[in-house]
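Please read the following points beside the sequence and the model.

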Amino acid sequence: MMTSIQLNAEMLRNMSIIAEDEHLLKRVAKYLRKVVAEKQADSTLLTKEEFLASLERGEEEYRRGKTHRINSVDELHSFLNSL
């Protein structure tokens, strides 16, 4: 798996090649707009801060005893069917 630094370096190398071709630049710009729009439209995507805050909320609920313990597959199916 690549690190974010490696990914950024690869993107910059590729962009230096693409920058010399106006047609490729237009295609990349169109694709990037599409990717950004998808990210903004996907409510399941979280920022790092949102994700960490969600974990903190879950830990707090666990400390307060507001969780469900599921010990078997049957209990899991029962719980999911009750939703």
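1. For accessibility, buried means under 20% relative accessible area, exposed means over 50%, and partly exposed lies in between (1.4 Å probe, protein chains only). With a relative accessible area of 55%, Glu22 is therefore exposed, and Lys26, at 54% relative accessibility, counts as exposed too.

2. On provenance, this is a predicted model, in which local features need pLDDT of at least 70 and side-chain atom pairs count only at pLDDT 80 or more, whereas totals for chains, interfaces and linings use all residues. Residues are numbered from 1 along each chain as its sequence is written, and side-chain values use heavy atoms, with hydrogens and water left out.

3. How many salt bridges does a search of the whole structure find? The search finds 3, where a salt bridge is a side-chain nitrogen of Lys or Arg within 4 Å of a carboxyl oxygen of Asp or Glu.

4. One of these salt bridges joins the side chains of Glu22 and Lys26, at 3.4 Å from N to O. Both residues belong to helix H2 (residues 22-41), where they are 4 residues apart, about one turn of the helix; helices here are DSSP runs of H or I with at least four residues, numbered from the N terminus.

5. Glu60 takes part in a salt bridge with Arg63, whose closest N and O atoms are 3.0 Å apart, and the two residues are separated by about one helical turn because they stand 3 residues apart in helix H3. Glu60 counts as partly exposed at 30% relative accessibility, while Arg63 is exposed, with a relative accessible area of 58%.

6. Glu60 also forms a salt bridge with Arg64, again with the closest N and O atoms 3.0 Å apart, and Arg64 is exposed at a relative accessible area of 56%. Through salt bridges that share partners, Glu60, Arg63 and Arg64 are joined into one network.

7. Turning to nonpolar residues, Leu46, Phe51, Leu52 and Leu55 form a patch on the surface, with about 360 Å² of accessible area together. Such a patch is made of residues with over 30% relative accessible area and no salt bridge, nonpolar side chains (Val, Leu, Ile, Met, Phe, Trp, Tyr) being joined within 5 Å and like charges within 9 Å; the areas come from the Shrake-Rupley method with a 1.4 Å probe, and for residues only the protein chains shown count as cover.
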